[in-house]
Amino acid sequence: MTDAPMLPLLVGVTGHRDICPSSLPLVRRRAREIFENLISLYGASQLHVLIGMAEGADLEMAELAAELGLARVQLFPTTIEQHHKTVAQPALDRYAALQKQHPALLEIVLPPVASALDNQTQDIV
């Protein structure tokens, strides 16, 4: 790693909601290895992780990023209140604990997107 100032490296993470429980240790180990390699190249303060915040892989990687001291950028496809209605209570509890112990650097809520059908209707009217 150089001493020169560097721009942050934003790494996007995504995966399945339903990870096979027997595969989880391997997934976490491999992800940890990848993050640790990036940390050795860029430094933990330069590495940011973009996470979609769904249950499953997203939550696992959010927790792993926190364990490694990496900044998280959390991306929500709907309002946070609407998102929480789609997530099971155990996952919500894990999110709350994660946010309390290691707050996200930034939370982004995507704006609603009109469907192609909505656009056609507006063009006709």
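**Entry 1: a starting point**

In which helix does D58 lie? I found D58 in helix α2. I note that this is a predicted model, in which local features need pLDDT of at least 70 and side-chain atom pairs count only at pLDDT 80 or more, while totals for chains, interfaces and linings use all residues. Residues are numbered from 1 along each chain as its sequence is written, and side-chain values use heavy atoms, with hydrogens and water left out.

**Entry 2: the whole chain**

I counted 5 helices and 4 strands in the protein chain. Helices (H or I, at least four residues) and strands (E, at least two) are DSSP runs, numbered from the N terminus. Along the sequence, I read the pattern β-α-β-α-β-α-α-β-α. The protein chain has 125 residues, and buried residues make up 30% of them. Buried means under 20% relative accessible area, exposed over 50%, and partly exposed in between (1.4 Å probe, protein chains only). I also looked up contacts, meaning heavy atoms within 4.5 Å. Among those between residues at least 6 apart in sequence, 78% join residues at least 24 apart.

I returned to D58, which is buried yet has no salt bridge. A salt bridge is a side-chain nitrogen of Lys or Arg within 4 Å of a carboxyl oxygen of Asp or Glu. The nearest side chain of opposite charge is that of R17, 7.1 Å away. For this search, Lys and Arg count as positive and Asp and Glu as negative, whereas His and the chain ends are not counted.

Which residues does D58 touch, not counting residues up to four places away in sequence? I listed V13, T14, G15, I51, G52 and M53. With M53 there is a distance to record: its backbone nitrogen lies 3.3 Å from a polar atom of the side chain of D58.

M53 itself is found in the loop between β2 (47-51) and α2. M53 counts as buried because its relative accessibility is 1%. I noted that phi of M53 is near 65 degrees, a positive value in a residue other than glycine.

**Entry 3: D18**

I next looked at D18, in the loop between β1 (9-13) and α1 (24-42). Is D18 buried or exposed? D18 counts as exposed, because its relative accessibility is 74%. D18 and G56 are 38 residues apart in sequence, and I recorded 5.6 Å between them in space, C-alpha to C-alpha.

**Entry 4: salt bridges**

How many salt bridges does a search of the whole structure find? The search finds 8. Side chains of opposite charge can pair when their charged atoms come close.

I looked up the pair E33 and R30, whose closest N and O atoms are 2.3 Å apart. These two residues are separated by about one helical turn, because they are 3 residues apart in helix α1. E33 is partly exposed at 32% relative accessibility, and R30 is partly exposed with a relative accessible area of 43%.

E67 forms a salt bridge with R32, with 2.6 Å between the closest N and O atoms. This pair links distant parts of the chain, E67 in helix α2 and R32 in helix α1, 35 residues apart. Both partners count as partly exposed: E67 at 48% relative accessibility and R32 at 28%.

For E60 and R94, I recorded a salt bridge with the closest N and O atoms 2.9 Å apart. E60 lies in helix α2 and R94 in helix α4, so the pair ties together parts that are 34 residues apart in sequence. E60 is buried, with a relative accessible area of 10%, whereas R94 is partly exposed at 31%. Salt bridges that share partners join R28, R32, E36, E60, E63, E67 and R94 into one network.

**Entry 5: helix α4**

I finished with helix α4 (residues 89-101), which has 13 residues. From its first C-alpha to its last, α4 reaches 18 Å, close to the 18 Å expected at 1.5 Å a residue. The expected span is 1.5 Å times one less than the number of residues.

Which residues of α4 are buried? I found A91, L92, Y95 and L98 buried. They lie on the same side of α4, because they cover an arc of only 125 degrees around the axis. The arc is that of the directions from the helix axis to the C-beta atoms. On the other side of α4, P90, K100 and Q101 are exposed. What covers the buried residues of α4 includes α2 (57-67), β3 (71-76) and α3 (80-85).

Notes
Polar contact = N/O pair within 3.5 Å; in protein donor to acceptor, adjacent residues only side chain to side chain.
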